[in-house]
Amino acid sequence: MARDSIDDNVIGEEKMSLKHLENITGLHDNQLEREVEEHKPRLKGKTLTYMLAFVAGTGFTLFGYDQGVMSSLLTLPRFEEVFPQVVVATGPNHATLQSFVVAVYELGCLIGALSNLFVGDKLGRRKTIILGGSIMIVGAALQTGSISYAMLVVARIITGIGNGLNTSTVPSYHAECSAAENRGAFIMIEGSLISFGIMLSYWIDIAFYWIKGSSAEWRVPISFQIILAIIMIVGVFFLPESPRWLVKEGRNSEALAVICALDVKPITHPDVQRTFTGIHEAVETESQFTNVSKSSQLSELFTHGRSQNFRRATLGVVSQCFQQISGCNLIIYYATLLFQRLNLSDTNSRFVAACNGTEFFMASTIAIFIVEKVGRRKLMIFGAGGMCISMVLLAVLGAVNTPQAQIGSAVFLFVFNSFFGIGWLGMSWLYSAEIVGLRVRAQANALSTASNWTFNFMVVMISSPAFANIQWGTYVSEYCNVHTLSEPLLIA
């Protein structure tokens with residue numbers, strides 16, 4: 001009898017704890033529990049958490065791989081035979097054409113990122129990632145089979161559109177399925193995985209460099225991104241939808257099922273109910289803001305007062321701008337060419353570029369462990385200061401241009417990447433997302449993402465013509481000035 005009484009009390013407490021959820025979802029307790037059980041994800045607990053991290057990590061590795069893969073391919077004999085327009089020495093405009101075929105990928109990324117504003121919420125996170133991955137597979141296949149310069153340009157734009165969709169979706173998806181206290185570290189990990197993808201592309205380029213006399217030396221490295229995209233897409237099929245998006249769509253029982261699976265707790269548990277209630281309240285607040293006209297929302301970005309929306313949005317846009325025009329992509333996209341300019345042999349330049357990418361990845365992992373202790377601004381100031389000194393010394397050593405100075409230049413290309421990996425690689429994405437308020441977050445993030453891809457395109461586009469015309473002066477005219485400007489803005 002005593003045991004029956006205890007069981008009855010437990011059941012009674014559980015029913016009371018479900019009342020709050022019933023009020024939110026509009027479902028009775030039996031119906032709610034049944035629907036939650038029906039929508040239970042395939043994975044749960046740590047298995048689900050690790051799978052989410054794996055899929056997100058694959059997406060960012062793919063992002064980095066795409067950025068780095070062209071570095072060693074531009075000077076391959078078979079690549080130059082198919083695309084003579086990239087051979088700088090054979091034509092007056094070939095430096096520009098070489099930059100364009102590399103940089104046009106960023107325009108595709110910009111289109112993809114901005115298109116996510118229109119398709120992201122309609123499709124949901126999972127379907128958007130699948131769409132982005134599928135577009136990347138098509139683009140990579142076209143790049144692999146390219147037989148003309150024009151075909152390669154179009155193929156890189158298509159690949160960029162897919163990557164733009166993924167890079168603007170994967171971080172949100174991972175964050176929405178993670179605890180708030182872990183999001184800073186997760187974004188820094190994702191930044192490190194970008195550098196891991198860059199490193200991977202360099203070493204795969206070297207592996208196929210030894211296949212002489214065959215176009216496989218450049219076609220296979222490009223096609224490898226198809227494997228990464230397939231892994232990401234297949235992984236998504238084992239994952240649930242974001243609980244935040246599900247609540248936004250009114251699919252509350254599915255959202256509760258995902259939260260229960262992530263926490264490995266029943267819907268009667270206070271932690272599950274607290275998480276669901278917090279998501280529901282945030283979505284309700286956001287929906288009130290989105291009822292305002294689009295023009296009114298956009299105009300709020302230019303307001304000051306207590307909210308300081310204009311200042312916050314500007315900081316996000318400028319931080320993404322400075323990340324790109326710091327000179328990071330000069331090294332990432334043209335690493336092999338830069339080391340060849342230092343009189344390294346064709347083979348040695350590729351090996352040193354791959355080592356540079358490896359060191360870049362290792363340095364970027366440092367920020368994961370110190371970002372919450374040191375803070376955002378201090379790390380960014382530290383990174384900007386180190387990159388500024390590196391660029392000044394690269395310019396000086398480039399002007400001297402003796403064998404000893406060339407060794408020093410090679411060292412400072414490594415040093416620059418270390419400071420960038422610690423202070424700016426993942427930080428600008430984290431900072432621009434955190435600095436803006438909820439009311440203008442979507443618009444501000446769209447502008448900061450557009451800033452990232454726009455200035456990414458600009459830097460990659462001007463690099464080859466700049467080095468062809470002013471050589472070491474590129475370090476002074478472009479990048480030293482940028483760091484001189486960024487330091488006061490960060491300190492202010």
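Visitor: What share of the contacts in the chain between residues at least 6 apart in sequence join residues at least 24 apart?
Guide: That share is 80%, where contact means heavy atoms within 4.5 Å. This is a predicted model, in which local features need pLDDT of at least 70 and side-chain atom pairs count only at pLDDT 80 or more, while totals for chains, interfaces and linings use all residues. Residues are numbered from 1 along each chain as its sequence is written, and side-chain values use heavy atoms, with hydrogens and water left out.

Visitor: OK, and how many helices and strands?
Guide: The chain has 22 helices and zero strands, both taken as DSSP runs numbered from the N terminus (helices are H or I with at least four residues, strands are E with at least two).

Visitor: How much of the chain is buried?
Guide: Of its 492 residues, 53% count as buried, a word that stands for under 20% relative accessible area, with exposed meaning over 50% and partly exposed lying in between (1.4 Å probe, protein chains only).

Visitor: Which residues touch the most other members of the largest nonpolar core?
Guide: Leu73, Phe79 and Phe420 do, in a core of 112 residues, and its largest share, 13 residues, comes from helix α15 (residues 309-341). A nonpolar core is a set of buried Ala, Val, Leu, Ile, Met, Phe, Trp, Tyr and Cys residues joined through side-chain atoms within 4.5 Å.

Visitor: And what does Phe79 touch?
Guide: Leaving out neighbours within four places in sequence, Phe79 is in contact with Met70, Leu73, Leu74, Val86, Leu152 and Trp218.

Visitor: Switching to Thr61, is that buried or exposed?
Guide: Thr61, which sits in helix α3 (residues 45-68), counts as buried because its relative accessibility is 7%. Residues up to four places away in sequence aside, Thr61 touches Leu193, Phe196, Gly197, Leu200 and Leu228.

Visitor: Which residues form the nonpolar patch on the surface?
Guide: Ile230, Val234, Phe237 and Phe238 form that patch, with about 350 Å² of accessible area together. Patches are made of residues with over 30% relative accessible area and no salt bridge, nonpolar side chains (Val, Leu, Ile, Met, Phe, Trp, Tyr) being joined within 5 Å and like charges within 9 Å; a salt bridge is a side-chain nitrogen of Lys or Arg within 4 Å of a carboxyl oxygen of Asp or Glu.

Visitor: Where is Phe238?
Guide: Phe238 is in the loop between α10 (216-236) and α11 (243-248), and counts as partly exposed because its relative accessibility is 37%.

Note on methods: Accessible areas come from the Shrake-Rupley method with a 1.4 Å probe; for residues, only the protein chains shown count as cover.
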